[in-house]
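Me: I would like to go through this model with you. Could you show it first?

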Amino acid sequence: MNSVVAASVQQRSVVLVTPDTELRHKLSSLLSDMRWQVFPASGGAEAMMHLGSLEPEAMIVDHWLPDLDASEFAEYAATVCPATDMLQMDGSCNGSKVRSARRNELLHALREAQECCVERTPATGGFDGAAWLHAPVTVPFAAPMAVVKEALPEVAEEVKMHLPEFVGDALKMRELAQQIRLVAPHATANVLVLGETGTGKELVAKAVHRLSPRAGKPFVVLNCAAIPEHLLEAELFGHTRGAFTGAVSSRMGRIEAAHGGTLFLDEIGEMPLPLQAKMLRFLENGEIQKVGENEPIRVDVRIVAATHQPLEELARDRRFRPDLYYRLAVFPVEIPALRERREDIPMLVEHTLRKLGDSMPRKSISSEALSLLMELDWAGNVRELCHMVHRAVILCGEEAGIRPEHILLPGRFSAMQH
Ligand SMILES: Nc1ncnc2c1ncn2[C@@H]1O[C@H](COP(=O)(O)OP(=O)(O)OP(=O)(O)O)[C@@H](O)[C@H]1O
């Protein structure tokens, strides 16, 4: 083939998203033979990285992705790359966009790959897709989706979960989950989480990490308010032996410990100004210098910072470095206070009772007690609610369910003792 034609044919690119390693390899090789340039991805996060840098001609997406809801991912991909033709693993496509010649070509590769991978069981272990795989031979190609859905009720539920370990269905929480899912795959975008105490800032940080390509690497936490000011620098950047009184051996700092992964900096508003300057330097050039060491070390870390303070306002008043603020707040998200999403309270109570049920007899809650919980203001947000439910379960004793008397309101404990 002459080189000009070869080059133009080679330009056809396809992003192939499936957690099934065998199927991915087989399909990649078949498509490459058909002169497609293949960008394989094992999940939605990895696929989004490809979409950030190229607009492929086509995309093949599995029904189930380990990290993102497959249909939401497809919707996202359609907005980022509107010209890309999208093909599902069952052979269906989004509307009539996929041109028939291309569809037939991709379908042919799909069929062949599936016939080769008889035992199709994704790494996620969610389902045994053998029946589905045989489908191209025995039933029309578009039918197997229903088979997969039937076989997968639990996985389908899990996919609908908003964020890992995160309970909440209020509109604001769903919007938050959507934002997290979108930013998580962008592995170098720093995230600033704003929210009152106990709203779940650390949970959000963990979700950003777990849904990102950094998921297999460390997630390290540092609470800037919990470490005395004079020790914070060594804790963050590490120190050499003898760098200061008490430094009996050299030690790796939290930034280096998070190399490849994510560092969650809680209460970032408490970071002293001189240290903010050093943090800024690290964010600008990706290098850290241990206390007592001259040689810098290169580290690759994503920062998720959190605060209950109005950081933008602090930056405006120069009580927090504005340049650092802008570096951290590449993608700010705000978690609403519990009193702004009272409809989530029953779900959170149920979640807490279920968790407590692992270590003590499972309790229920009366509707009167639940109504009482729905009325409170929850200055300590979800954490306070969880603790109050825990106390109520203990006060319940042998009784099967929590009643209003078991809800320990401020002042009620001393009243009970008299
Ligand atoms: N949406 C949620 N679903 C389930 N559990 C939650 C949720 N939000 C918070 N929690 C629970 O509440 C507790 C507090 O959460 P977390 O530590 O993430 O809050 P935080 O905002 O970081 O608090 P602080 O500002 O005090 O550090 C944890 O036990 C967490 O598991």
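**Helix 9 and the cores**

Me: Which residues of helix 9 are buried?
Reply: Met173, Leu176, Ala177, Ile180, Arg181 and Val183 are buried in helix 9. A residue is buried if 20 or more other C-beta atoms, placed from the backbone, lie within 10 Å of its own. Helices (H or I, at least four residues) and strands (E, at least two) are DSSP runs, numbered from the N terminus.

Me: How should I read the model and its numbers?
Reply: The model is predicted: local features need pLDDT of at least 70, side-chain atom pairs count only at pLDDT 80 or more, and totals for chains, interfaces and linings use all residues. Residues are numbered from 1 along each chain as its sequence is written.

Me: What do the buried residues of helix 9 pack against?
Reply: They pack against strand 5 (191-194), helix 10 (201-210) and strand 13 (331-334). Contact here means C-beta atoms, placed from the backbone, within 7 Å.

Me: Which residues have the most contacts inside the largest nonpolar core?
Reply: Ile180, Val193 and Val208 do, in a core of 44 residues. Helix 9 gives the most to this core, five residues. A nonpolar core is a set of buried Ala, Val, Leu, Ile, Met, Phe, Trp, Tyr and Cys residues joined through C-beta atoms within 7 Å.

Me: What does valine 193 touch?
Reply: Leaving out residues up to four places away in sequence, Val193 touches Lys201, Val204, Ala205, Val304, Ala306, Val333 and Ile335. A second, separate core has 30 residues, including Leu31 and Trp36.

Me: And how much of the protein chain is buried?
Reply: Of its 418 residues, 36% count as buried.

Key
Buried ≥ 20, exposed ≤ 12 C-beta atoms within 10 Å, placed from the backbone. Contact = placed C-beta atoms within 7 Å.
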